[in-house]
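Please have the sequence and the 3D view open side by side as you read.

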Amino acid sequence: MSRRIQTFVAVGSNIHPEDRIPRCLDLLGTIPETEVEAISSWYRTRPWGLETQPDFINLVVGLGTGLSPRDLLRATQAIEIRLGRVREAINGPRTIDLDILLFGDWISEEADLRIPHPGLLLRDFMLIPLVEIAPDVPHPDRGRPVRELTGEIRYRQIIEKRPGTGSGSGSG
């Protein structure tokens, strides 16, 4: 890909998040042909599914990338592995979790690469930080800015916004 695609990645952790998330943000900045353009505030959220685990810290990062969606997925999975991600229990505790939410206007229904992310419009911890940094980015399936889609959130897990932790700047 020769042009930069506006991409958004959800970041989450509930195992040493104050250590893992800054390291993850640094590593996202080292992905080839990719630049970190915006970082949302950090949000403390209740766990979903397996509720007997620590709260999560979630945020969204805006990237500009020249990579393909598949290459970006490989790069984010490599970061997860480097930061100690082990997939033991569905919805269980994790050192880091990276999910591609949007990749320009690209749509994928592949088993291991679903874009837009199927949880984006359902979970507040994905959509609210995205709206914070890129309120006017269009949702490829809906054709409307993401700021207009917050009424579709089904799972409200945000406990608190942690201002000053992320940059919160930029329009994505």
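Here are my notes, point by point.

1. Some ground rules. This is a predicted model, where local features need pLDDT of at least 70 and side-chain atom pairs count only at pLDDT 80 or more, while totals for chains, interfaces and linings use all residues. Residues are numbered from 1 along each chain as its sequence is written, and side-chain values use heavy atoms, with hydrogens and water left out.

2. Let's start with the main core. A nonpolar core here is a set of buried Ala, Val, Leu, Ile, Met, Phe, Trp, Tyr and Cys residues joined through side-chain atoms within 4.5 Å. Buried stands for under 20% relative accessible area, exposed for over 50%, and partly exposed for in between (1.4 Å probe, protein chains only). The largest such core has 27 residues, and Val11, Ile21, Cys24, Leu28, Leu59, Ile79 and Ile100 have the most contacts inside it. Two or more residues each come from S1, helix H1 (17-28), S4, helix H2 (69-82), S5 and strand S7 (113-115). H1 gives the largest share, five residues. Helices (H or I, at least four residues) and strands (E, at least two) are DSSP runs numbered from the N terminus.

3. Beyond residues up to four places away in sequence, Leu28 touches Val11, Val36, Val61, Thr76 and Ile79; contact means heavy atoms within 4.5 Å. Another core, of 19 residues, lies apart from the largest one, and its members include Leu102, Phe125, Met126 and Leu127.

4. Now find helix H3, residues 124-133. Eight of its 10 residues are buried, so the helix is mostly covered by the cut-off above. The buried set is Asp124, Phe125, Met126, Leu127, Pro129, Leu130, Val131 and Ile133. What do they pack against? Strands S1 (5-13), S2 (34-39), S3 (42-45), S4, S5 (97-103) and S8 (158-162) are the partners.

5. Is Leu63 buried or exposed? Leu63 counts as buried because its relative accessibility is 0%. You'll find Leu63 in strand S4, residues 56-65. Leaving aside neighbours within four places in sequence, Leu63 is in contact with Ile5, Gln6, Thr7, Val9, Thr34, Glu35, Val36, Glu37 and Leu72. Leu63 and Arg4 are 59 residues apart in sequence, yet 9.0 Å apart in space, C-alpha to C-alpha.

6. On to charges. A salt bridge is a side-chain nitrogen of Lys or Arg within 4 Å of a carboxyl oxygen of Asp or Glu, and the count by this rule is 14. One of them joins Asp112 and Arg70, with the closest N and O atoms 2.7 Å apart. That pair links distant parts of the chain, 42 residues apart: Asp112 is in the loop between strand S6 (108-110) and S7, and Arg70 is in helix H2. Asp112 is partly exposed at 47%, and Arg70 is partly exposed at 23%.

7. Finally, look at the loop between H3 and S8. Arg147 and Asp136 form a salt bridge there, the closest N and O atoms being 2.6 Å apart. Both residues lie in that loop, so the pair ties together parts that are 11 residues apart in sequence. Arg147 is partly exposed at 42%, whereas Asp136 counts as exposed at 51%. Asp136, Arg144, Arg147 and Glu148 are linked in a network of salt bridges.
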